[in-house]
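The structure comes before the description.

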Amino acid sequence: MLLSWTSSQVRAAEEPLLAAGVPLMDRAAFALATQVAALLRERLGRVGGAHVAILVGPGNNGGDALFAGAHLARRGAAVRALTVDERVHGAGAAALRAAGGRLVAADEGAAWAADADVVLDGLLGIGATGGLRGVAADLVERLSVGVRGLVVAVDTPSGIGVDDGALPGPVLAADRTVTFGAAKPGLLLPPASATVGQLSVVDLGLDLAGAPAIARLDDADVAGLWPVPPADAHKYTRGVLGVVAGARRYPGAAVLSTTAAVLAGVGMVRYLGDVGDLVVARRPEVVIGVGRVQAWVFGPGVSPDDASQRRRIEHAFEGVRERGEAAVCDAGALELLPAHVGPHVVLTPHAGELARLLTTRGEHVDRAGVEAEPLRWARRAHELTGATVLLKGPVTLVVGAQSAVYSQAEAPSWLATAGAGDVLAGLLGALLAGRADDIHEDPSLAAALAAAAALVHGRAAHRANPGGPVAARAVAVALPETIAALLADA
Ligand SMILES: NC(=O)C1=CN([C@@H]2O[C@H](COP(=O)(O)OP(=O)(O)OC[C@H]3O[C@@H](n4cnc5c(N)ncnc54)[C@H](O)[C@@H]3O)[C@@H](O)[C@H]2O)[C@@H](O)CC1
Ligand SMILES: Nc1ncnc2c1ncn2[C@@H]1O[C@H](COP(=O)(O)OP(=O)(O)O)[C@@H](O)[C@H]1O
Ligand SMILES: [K+]
């Protein structure tokens with residue numbers, strides 16, 4: 001699991017080490033230089049002679065970059081540091097000069113940086129307040145038009161909202177971010193997360209206190225959460241999922257959500273709706289009609305003006321309230337959500353649906369507003385409804401009980417295709433049904449299961465057709481192998 005900690009948590013953890021004279025900056029800079037040298041060897045076959053440009057801000061972030069530059073200069077790289085402020089980390093600058101590197105003003109070095117093999121972005125790190133301004137902003141805007149080499153961000157892409165993932169000004173998008181001590185929330189949160197590239201965390205030996213801000217599950221976590229049937233399992237102990245989905249106008253959603261649930265490995269699926277014949281024709285494992293269930297999927301392909309589906313969902317919500325059955329509330333069912341539910345109900349809106357849900361509850365926000373501050377609005381929806389909220393998008397965020405926040409970024413952009421959300425709903429429903437008793441005991445588990453479903457969904461899309469287009473049905477079909485591979489690797 002990748003955990004992230006806010007800038008003040010990181011500073012607090014650094015303090016005692018710095019007071020004890022632990023050379024944190026040396027460690028950070030050495031690790032950074034080692035990674036950059038490896039990248040150069042990969043790209044050019046050598047470090048000596050490589051052109052390295054360093055963007056240097058006024059603080060310790062610039063210091064890290066300068067010391068790393070000194071290491072690379074000693075290994076024969078041609079290093080130029082572009083300064084944007086009168087203030088420059090003194091010892092770092094001296095080290096770079098002593099190693100044969102040069103410091104130049106930003107406008108003097110910009111063309112050289114655009115053509116360098118690697119650009120190290122050390123303008124701002126966790127000390128950033130607001131977006132880049134002045135000379136630094138001009139330099140980044142100029143380089144954002146295009147640089148020939150790789151961009152490596154030092155600790156964070158400079159100028160992102162380190163704790164909230166905001167993009168308050170121009171940011172040079174990185175191919176790789178080497179972050180120190182611990183990941184920061186902004187590296188995992190849209191929209192800033194799109195500027196991070198491949199993330200690596202350098203262990204500085206920090207003793208981080210308090211709860212982490214945001215978590216990202218990895219494959220081993222998901223394997224640990226998966227409801228693997230014990231030897232004596234039968235279909236009812238594995239969990240039964242009720243699915244209220246689809247309509248004559250949108251039959252595909254019923255097929256996709258039930259297919260995903262069956263293929264994700266639930267004990268049984270009961271379908272309620274108007275297109276049962278079609279569902280059974282495509283998935284003969286599905287049972288039609290009411291009966292006892294452990295969890296529900298409401299809403300794929302259901303329009304709120306569909307009176308019969310509406311009645312079924314409203315009736316099923318009574319079971320959710322009275323018997324604590326877990327539920328996925330998707331698409332059309334979001335408009336049927338009772339005023340207040342518990343975290344065992346997982347909402348699965350995309351940004352537009354979340355904006356609508358919030359608007360009906362008195363908040364003034366539109367789709368673009370949700371996309372600009374997805375964590376803020378997912379949190380607000382959790383506060384207002386009591387539900388666990390899974391907000392879909394290029395990065396999927398989950399906010400649940402006990403301040404749980406997850407960010408999953410496994411999905412290839414090919415997954416942005418009609419019906420993919422129906423597959424996610426069925427897959428998550430299967431997980432909730434399989435762990436219904438545990439959710440009953442600890443409703444905060446629903447958030448971890450929602451994050452696990454997002455990870456599996458993204459991995460299945462990749463497995464269905466690595467690097468190319470996928471149809472939603474193909475994502476569902478890839479689920480059994482995807483899950484088997486996750487469990488085998490654990
Ligand atoms: N505390 C430590 O010793 C360690 C710090 N490390 C590095 O130090 C960084 C933090 O250093 P600092 O606290 O000096 O902060 P930064 O280097 O992030 O920069 C802070 C300075 O930039 C200026 N600034 C802030 N926002 C700005 C804006 N929007 N536009 C233009 N200028 C702005 C301010 O004058 C501020 O003093 C970390 O990100 C990390 O790279 C690492 O070396 C590990 C150890
Ligand atoms: N740009 C993107 N990159 C990766 N995944 C995405 C992107 N945009 C959307 N997704 C994912 O694709 C799925 C789309 O779901 P949704 O919008 O509900 O579609 P539908 O309602 O047609 O099924 C979600 O799981 C979402 O997280
Ligand atoms: K930086």
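## Annotated domain

Over residues 10-212 the chain is 39% helix and 18% strand, with the end C-alpha atoms 10 Å apart. Helices (H or I, at least four residues) and strands (E, at least two) are DSSP runs, numbered from the N terminus. UniProt, in an unreviewed entry, lists residues 10-212 as "domain: YjeF N-terminal"; UniProt positions follow the numbering used here, feature names are shortened, and annotations may be inferred rather than shown by experiment.

This is a predicted model, in which local features need pLDDT of at least 70 and side-chain atom pairs count only at pLDDT 80 or more, while totals for chains, interfaces and linings use all residues. Residues are numbered from 1 along each chain as its sequence is written, and chains are lettered from A and ligands numbered from 1 in the order in which they are written.

## Shell around ligand 1

Of the 26 residues around ligand 1 (C-beta atom, placed from the backbone, within 6 Å), G59, N60, N61, G125 and G127 come nearest. Elements giving two or more residues to this shell are α1 (7-19), α2 (24-44) and α3 (60-74). The largest share, four residues, comes from α3.

## Helix α12

In α12, Q309, I313, A316, F317 and V320 are buried (20 or more other C-beta atoms within 10 Å of the residue's own; exposed means 12 or fewer, partly exposed in between; C-beta atoms are placed from the backbone). On the other side of α12, A307, R311, H315, E318 and E322 are exposed. Just after α12, G324 takes a positive phi of about 70 degrees.
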